[in-house]
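Please open the structure in a viewer and keep the selection tool at hand.

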Amino acid sequence: MINNFLIINCIGKDDKLGLRINKDFFILELDQGNNEKLVSKILDFLNTHNVNLDANFTVIVNQGPGSFSSIRISLSVAKGLEISKKVRSFGYKNEDLLEF
């Protein structure tokens with residue numbers, strides 16, 4: 001079961017970060033088309049809520065449909081966190097959400 005996680009939803013419109021820590025959920029709305037600052041926004045968001053990135057933390061990334069560049073940057077950030085901090089990462093597609 002996934003308890004603590006970060007959702008990266010950057011597909012080019014209504015970009016947001018979601019964070020679940022200890023049963024609390026936080027949302028950060030992102031500026032449109034400002035993906036070059038995504039890493040610093042994520043780090044600030046995690047630091048604000050005192051998140052410890054470790055093997056028990058998960059990153060969930062929206063894989064589209066959406067802007068190719070935005071999705072690629074999101075996946076790259078998630079892969080970087082997976083490699084550097086040993087977090088788990090998963091992807092989802094918008095149409096998958098309707099099933100839940």
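Select phenylalanine 5 and display its side chain; in this predicted model, the residue has a relative accessible area of 13%. Phenylalanine 5 therefore counts as buried, because the cut-off for that class is under 20%.

What do phenylalanine 5 and phenylalanine 25 form together? They form an aromatic pair, with 6.3 Å from centre to centre and 55° between the planes, a tilted arrangement. A search of the whole structure returns 1 aromatic pair. Colouring by strand shows how the pair links distant parts of the chain: phenylalanine 5 belongs to strand β1 (residues 4–9) and phenylalanine 25 to strand β3 (residues 24–29), 20 residues apart.

Now extend the selection to the sheet. In which order do the 5 strands lie? The order is β3-β2-β1-β4-β5, in an open sheet with mixed pairing. At the edges stand β3 and β5 (88–92); each has a single partner strand, so one side of each lacks a neighbour in the sheet. On average, neighbouring strands are turned by 15° against each other, with direction ignored.

Within the sheet, select β1 together with strand β2 (residues 16–21). These two strands pair in the antiparallel sense over 5 bridges.

Turn next to the helices. Select helix α1 (residues 38–48), which lies across β1, β2, β3 and β4 (57–62) and runs at about 30° to β2. Then select helix α2 (residues 68–85), which packs on the sheet and touches β1, β4 and β5. The direction of α2 makes about 165° with that of β4.

Finally, show α1 and α2 together. Two packed helices are described by the angle between their axes and by the distance between those axes. Here the axes of α1 and α2 come within 10 Å and cross at roughly 50°. The two helices are therefore oblique to each other, and α1 passes α2 in a right-handed crossing. Which residues make the contact? On α1, display Leu38, Val39 and Ile42; on α2, display Ile73, Ser74 and Val77.

How values were computed: Residues numbered from 1 in each chain as written. Predicted model: local features only at pLDDT ≥ 70, side-chain atom pairs only at ≥ 80, totals over all residues. Heavy atoms only, no water. Phe/Tyr/Trp six-rings, centres within 6.5 Å; stacked < 30°, edge-to-face > 60°. Helix = DSSP H or I, 4+ residues; strand = E, 2+ residues; numbered from the N terminus. Buried < 20%, exposed > 50% of the residue type's maximum accessible area, 1.4 Å probe, protein only. Pairing = 2+ DSSP bridges. Axes fitted to C-alpha atoms, helices over the stretch in contact; angles between N-to-C directions. Contact = heavy atoms within 4.5 Å. Parallel < 35°, antiparallel > 145°, perpendicular 65-115°, else oblique. Left-handed = near helix turned anticlockwise from the far one by under 90°.
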